[in-house]
Amino acid sequence: MIFVTLKRKNNNLVGFSIKGHADFAEEGSDIVCSAVSILAYSTVNTLDLYLNDLDFIDDGNVMTLLIENSTEETDVIFKFFETGIQTLLGNYNKYVNLDYEEV
């Protein structure tokens with residue numbers, strides 16, 4: 001299972017952590033892992049266009065992203081990520097879990 005934790009600060013999304021594997025299909029063919037990966041990397045790359053203080057790590061086991069402060073732009077970008085994960089939950093809730101954490 002992929003565990004996604006969205007991080008909140010003062011009711012605004014400021015990051016996420018992702019760990020685990022969906023095990024929906026064999027490695028290289030897993031559409032659930034691919035979907036989470038593209039949502040995560042699209043979020044990171046888009047935030048990088050607006051911010052200089054992006055704290056991002058992908059060590060192969062855990063992917064983490066954290067920003068210092070939210071803005072209108074980052075709120076929209078994180079909402080896109082959250083909506084994408086929630087959409088996956090609609091069809092693949094056996095393979096993806098979503099939680100929230102206050103930071």
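**Note on the predicted model: sheet, core and pocket**

1. Start with isoleucine 18. Leaving aside neighbours within four places in sequence, isoleucine 18 is in contact with Ile2, Phe3, Val4, Val36, Ala40, Asn61, Val62, Met63 and Phe81. Keep in mind that this is a predicted model.

2. Next, the core. The largest nonpolar core holds 26 residues. Val4, Phe16, Ile18, Phe81 and Ile85 have the most contacts inside it. At least two residues of this core come from each of strand 1 (2–9), strand 2 (12–20), helix 1 (31–50), strand 4 (62–66), helix 2 (72–92) and strand 5 (96–102). Helix 1 gives the largest share, seven residues. As background, nonpolar side chains tend to be buried together in soluble globular proteins.

3. What is the order of the five strands in the open sheet? The order is 3-4-2-1-5, and the pairing is mixed. Strand 3 (55–58) and strand 5 stand at the edges. Each has a single partner strand, so one side of each is left without a neighbour in the sheet. From one strand to the next, the twist averages 15°.

4. Strand 3 and strand 4 pair in the antiparallel sense, over four bridges. Phenylalanine 56 has leucine 65 of strand 4 as its bridge partner. Isoleucine 57 stands opposite threonine 64, also in strand 4. In a regular strand, side chains alternate between the two faces of the sheet.

5. The hairpin of strand 3 and strand 4 has three residues between the strands. In this hairpin, glycine 60 takes a positive phi near 95°.

6. Which strands does helix 2 lie across? Helix 2 lies across strand 1, strand 2, strand 4 and strand 5. Helix 2 runs at about 145° to strand 5.

7. Last, the open space. Rolling a probe the size of a water molecule over the atoms shows where empty space is left. The largest pocket contains about 240 Å³ of space. Its lining has 15 residues, and Ile18, Gly20, His21, Ser37 and Met63 lie nearest its centre. Strand 2, helix 1 and strand 4 are the elements that give two or more residues to this lining. Helix 1 gives the largest share of the lining, five residues.

8. To close, return to isoleucine 18. Ile18 is among the residues with the most contacts inside the largest nonpolar core. Ile18 is also one of the residues nearest the centre of the largest pocket. Met63, another of those nearest the centre, is in contact with isoleucine 18.

How values were computed:
Residues are numbered from 1 along each chain as its sequence is written. This is a predicted model: local features need pLDDT of at least 70, side-chain atom pairs count only at pLDDT 80 or more; totals for chains, interfaces and linings use all residues. Side-chain values use heavy atoms; hydrogens and water are left out. A nonpolar core is a set of buried Ala, Val, Leu, Ile, Met, Phe, Trp, Tyr and Cys residues joined through side-chain atoms within 4.5 Å. Buried means under 20% relative accessible area, exposed over 50%, partly exposed in between (1.4 Å probe, protein chains only). Contact means heavy atoms within 4.5 Å. Two strands pair if DSSP finds at least two bridges between them. Axes are lines fitted to C-alpha atoms, for helices over the stretch in contact, and angles run from 0 to 180 degrees between N-to-C directions. On a 1 Å grid over the protein atoms alone, a cavity is a set of points where a 1.4 Å probe fits but cannot get out, and a pocket is an open set with protein on both sides within 12 Å along at least five of seven lines; lining residues have an atom within 4 Å of a point. Grid points are joined across faces, edges and corners, and a volume is the space filled by probe spheres set on the points.
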